[in-house]
Amino acid sequence: MISENNKEQLSPFELSLLLEKKVKEKDSSISNLLNAGRGNPNWIAPIPREAYFLLGQFALSEVSLSQSGLTADMINQNENRESRYLSFLAAHKSEGADLLHEIWSDNNSYLGMSKENWLAKMLDYIIGDNYPQPVRVLDACEQPIKQYLNQKLFLNQQTPFDIFSVEGGTAGICYLFDTLVNNFLLNKGDKIALMLPMFAPYLELPELPHYEFDIVKVNAKQTMLHGKLTYQYPEEELAKLKDPSIKAVFVVNPSNPTANAMCDSSIDQIKQIVSADNPNLMILTDDVYGTFVPKFRSLFAELPKNTACIYSYSKYFGATGWRIGNIIIGKDNIFDKLIADLPMYETEKLTKRYSSMDISDAAIPFIDRLVADSRDISLNHAAGVSAPQQAMMALFSLYALLDSEEKYKKEVMGICHRREELLFQTIGLDEPLQSLNTAYYCELNLNYWLRKRYGADFTDYLVKTSTITEILTELAVAEELLVLKANGFGSDDWAIRISLANLPTKDYQEVGNRLIRLFDRLKQNWKSQMMIGGH
């Protein structure tokens, strides 16, 4: 049994799970529960999924052409395949078939190879009968994924880059931290900067015993930009990165939970700092929410030499269960340079570490070290995300690339912003600056909102006599509404994170109503106590 004191120490996610259990114990039906703490989206991209399953059906039909129906030899069954493929698509009219036909007919160089070769490889991937090879990323998936990333996140920048397909963004950050440590680019006690607020587990990760980094916090502040509220990094906070003893900086951009992308002036300041003050600064950026911003500008687009970028398909395509993402590293990068400059005794240790690989240590690029380390080196030959998963990534990518009018992007962004609009209208706040706001989450500073709605006296009393954990417990038990405390993300002690992704749109008005009901009741109780005390 967790005591009330121990409950204060729980992470935002562990507290939410505990409160959900508490609500279920009170009412096993939990028909009235609204869980606005979960970040799992309640939309999917159906068209590329339909294309995926159709391609799987066609792959199975190709298998049957071999002498044994159990022999997955379709990669060699190329004779008259185009005719069979087009006939198959014509017989299965659907939006998924239309996408596959568009991919086949498109004249863009999205595939990186002939369409016949691409199809043969994709059929093999989707059957999943062979180990993923190459292990870093499969041939027929590499160019569609790169084109998607470059167009949607990197503003079509011209710097060549490599990708390592991984099991989602969380795997990506674990792999990055481990390989940085394994290659002496980060050592225990080294100073790294975290740009706050950020996803709570990422905040906890650098404090684990095998890292124990010295953390410098770069804090975003609620500010006005173009007459609207947003969360941005003040110049004096970003100036902390000038310190050359700070070896790396980690940022989630757009942020979780504030849901705001970094503004141009902040990106320009970081560029200036790297150029003039800290040229060896390693930048790790998680851009998973970038595709929810109208015109997103990734740090990788501006500083490709210094930046390792992580991107997951999970949120945008409603694919959290697929566990698919990528680590992106520029071909000319600071990581390779720093490894080349290591002292001899560390170089000798690395030579021994990677000795089982059929390549000299000095010639192993950082991205290939990531791949090897992800399988403890000895299993490097069996690394990589499964072939069927990579095939899904390729189809997601091609779907977005061929959507020239960005209909899907507009639809998904519209869902998020409509939900935010309903919530903010209900609680009486203006929406944040839309051009930098994903509206995937919102961070509500209760101290700010309560003062605005209920006055300073009540707010001061509540902040003095209660904790945010106690408030969220009351909100869960009395109103059956779950949200996350945001201080575990590096935000204000009285901030909460509300997910705008996982509930039906109509429910966000009710989320606001339940917040209001709770605080109306708490204020009335306070008034009653004041009256009794006055008598």
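This is a predicted model: local features need pLDDT of at least 70, side-chain atom pairs count only at pLDDT 80 or more; totals for chains, interfaces and linings use all residues.
Local features require pLDDT of at least 70 and side-chain atom pairs count only at pLDDT 80 or more, whereas totals for chains, interfaces and linings use all residues. Residues are numbered from 1 along each chain as its sequence is written, and side-chain values use heavy atoms, with hydrogens and water left out.

**Exercise 1. Classify the pair formed by the rings of Phe154 and Phe161, and describe the surroundings of these residues.**

Step 1. Rings of Phe, Tyr and Trp (its six-membered ring) pair if their centres lie within 6.5 Å, and planes under 30 degrees apart count as stacked, over 60 as edge-to-face and the rest as tilted. The whole structure holds 41 aromatic pairs by this search.

Step 2. The ring centres of Phe154 and Phe161 are 5.6 Å apart and the planes stand at 90°, so the pair is edge-to-face.

Step 3. With buried meaning under 20% relative accessible area, exposed over 50% and partly exposed in between (1.4 Å probe, protein chains only), Phe154 is buried at 0%, and Phe161 is buried at 7%.

Step 4. A charge sits over a ring if NZ of Lys or CZ of Arg is within 6 Å of the ring centre and within 35 degrees of the ring normal. The charged end of Lys146 sits over the ring of Phe161, 5.9 Å from its centre.

**Exercise 2. Locate Asp287 and find its contacts beyond neighbours within four places in sequence.**

Step 1. Taking helices (H or I, at least four residues) and strands (E, at least two) as DSSP runs numbered from the N terminus, Asp287 is placed in the loop between β8 (282-286) and α12 (299-302).

Step 2. The relative accessibility of Asp287 is 0%, so this residue counts as buried.

Step 3. With contact meaning heavy atoms within 4.5 Å, the partners of Asp287 include Leu153, Asn253 and Tyr311.

Step 4. Tyr311, one of these contacts, also pairs with Tyr313: their ring centres are 5.4 Å apart and the planes are at 70°, so the pair is edge-to-face. Tyr311 and Tyr313 are both buried.

**Exercise 3. Determine how the lining of the largest pocket divides into nonpolar, polar and charged residues.**

Step 1. Ala, Val, Leu, Ile, Met, Phe, Trp, Tyr, Cys and Pro count as nonpolar, Asp, Glu, Lys and Arg as charged, and the others, Gly among them, as polar.

Step 2. On this basis the lining of the largest pocket comprises nine nonpolar, twelve polar and six charged residues.
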